[in-house]
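Open the model in your viewer and keep the selection tool ready. This tour goes stop by stop.

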Amino acid sequence: MKLKDNTALVTGGSSGIGAEVCLQLAAEGANVGVVASADPAKAQIVVDKIERAGGRATALVGNVAEPESVVKLAADAEAALGPVDILVNAAGVYANTPIGNTDEALIDYLVDINLKGSFRMINALAPSMKDQRRGKIVNFSSVNAYVGVESQSLYCACKAGIDLMTRAMARELAPYDVNINSIAPGATKTPMNEALRTLPEHRETLDSFVNNTPSNTPFSDPLEIARMVLFLVSNDARPMHGSSILMDEGLAAGI
């Protein structure tokens, strides 16, 4: 129960890595705000799992791509949970952006959620953390911040931006005993890549990916990533400010 008496807010908490993060935070005693982008029923599914296990959680809705929605989410979270001690920015989207064939709407979609969304959440919640002189923030980067991937240039840029934003913010927040760090996962077994992992028409792409992954586990388990979040928001990680933890099964280690 390392996180007893802590309150946590997890964007992207209704599915994938974010959902597993919610479950693990609650298992360690945190009161968790599970955030879905639009449908509270999706967040409630995770809340129900937490409550069945004896934890505490609340379903919330907030679209990090919309400034007004972020302001409302911050207010709703404080009303439901009290002051937020832990913020995990797990909301994210992925899309290919081939040069010469990417429209403005898709550009805005990727940047608004993957980069600006994390900034908005921190901008809304970090001031109260500074006032109370305690807080933990975890951002989600990606292995794509470390390697260039064909037709994924904008996604790569957003995730690289997350890492540098995290380092810059650490300089600003560390004097207030607020820790901010990021995690850069590689491929993780989530609904986002289920088609790649299971459908026969993607077999060639899957085989190529597996052959280029040094470890024997090309798709990490979301629980493994969630455990790193637990470490970063615990007092065990007190000296860490502005670090990015690469968890990519060795993909970016070399050719």
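Start at Lys 116, which lies in helix 4 (residues 104-132). Helices here are DSSP runs of H or I with at least four residues, strands are E runs of at least two, and both are numbered from the N terminus. Lys 116 is partly exposed, at 37% relative accessible area. The scale is this: buried is under 20% relative accessible area, exposed is over 50%, and partly exposed is in between, with a 1.4 Å probe and protein chains only.

A word on the model before moving on. It is predicted: local features need pLDDT of at least 70, side-chain atom pairs count only at pLDDT 80 or more, and totals for chains, interfaces and linings use all residues. Residues are numbered from 1 along each chain as its sequence is written, and side-chain values use heavy atoms, with hydrogens and water left out.

**Helix 3 against helix 4**

Stay on helix 4 and select helix 3 (residues 67-81) as well. Their axes come within 10 Å and cross at roughly 40°. Axes are lines fitted to C-alpha atoms, for helices over the stretch in contact, and angles run from 0 to 180 degrees between N-to-C directions. Helix 3 passes helix 4 in a right-handed crossing.

Which residues meet here? From helix 3, show Pro 67, Val 70, Leu 73 and Ala 74; from helix 4, show Arg 120, Met 121, Ala 124 and Leu 125. Contact means heavy atoms within 4.5 Å. Colour this contact by type: seven residues are nonpolar, none is polar and one is charged. In this scheme Ala, Val, Leu, Ile, Met, Phe, Trp, Tyr, Cys and Pro are nonpolar, Asp, Glu, Lys and Arg are charged, and the others, Gly among them, are polar.

**Helix 1 and its partners**

Go to helix 1 (residues 16-27) and helix 8 (residues 222-232). They pack at about 55°, with axes 8 Å apart. Helix 1 and helix 8 are therefore oblique to each other. Angles under 35 degrees count as roughly parallel, over 145 as roughly antiparallel, 65 to 115 as roughly perpendicular, and the rest as oblique. Helix 1 passes helix 8 in a right-handed crossing. On helix 1, pick Ile 17, Glu 20, Val 21, Gln 24 and Leu 25. On helix 8, pick Pro 222, Leu 223, Ile 225, Ala 226, Val 229 and Leu 230. This contact of helix 1 with helix 8 has nine nonpolar residues, one polar and one charged.

The axes of helix 1 and helix 2 come within 10 Å and cross at roughly 25°. That makes helix 1 roughly parallel to helix 2. This crossing is right-handed. Ala 19, Cys 22, Leu 23 and Ala 26 of helix 1 meet Val 46, Lys 49 and Ile 50 of helix 2. Six of the residues in this contact are nonpolar, none is polar and one is charged.

**The nonpolar cores**

Which residues have the most contacts inside the largest nonpolar core? Select Leu 25, Val 32, Val 34 and Val 88; the core itself has 34 residues. A nonpolar core is a set of buried Ala, Val, Leu, Ile, Met, Phe, Trp, Tyr and Cys residues joined through side-chain atoms within 4.5 Å. Elements that each supply at least two residues include strand 1 (7-11), helix 2 (40-52), strand 4 (86-89) and strand 7 (244-247). Helix 1 gives the most to this core, with six residues.

A second, separate core has 30 residues, among them Ala 65, Leu 87, Ile 113 and Ile 122.

Next, pick Val 35 in strand 2 (residues 31-36). At 1% relative accessibility, Val 35 counts as buried. Its C-alpha atom is 5.9 Å from that of Gly 12, 23 residues away along the chain.

Most residues other than glycine have a negative phi. Select Asp 5, in the segment before strand 1. Its phi is positive, near 75°. Asp 5 counts as exposed, at 62% relative accessibility.

Finish at Ser 151, in the loop between strand 5 and helix 5 (153-173). Ser 151 also has a positive phi, of about 70°. Ser 151 is partly exposed, at 29% relative accessibility.

Technical notes
A crossing is left-handed if the near helix is turned anticlockwise from the far one by less than a right angle, and right-handed if clockwise.
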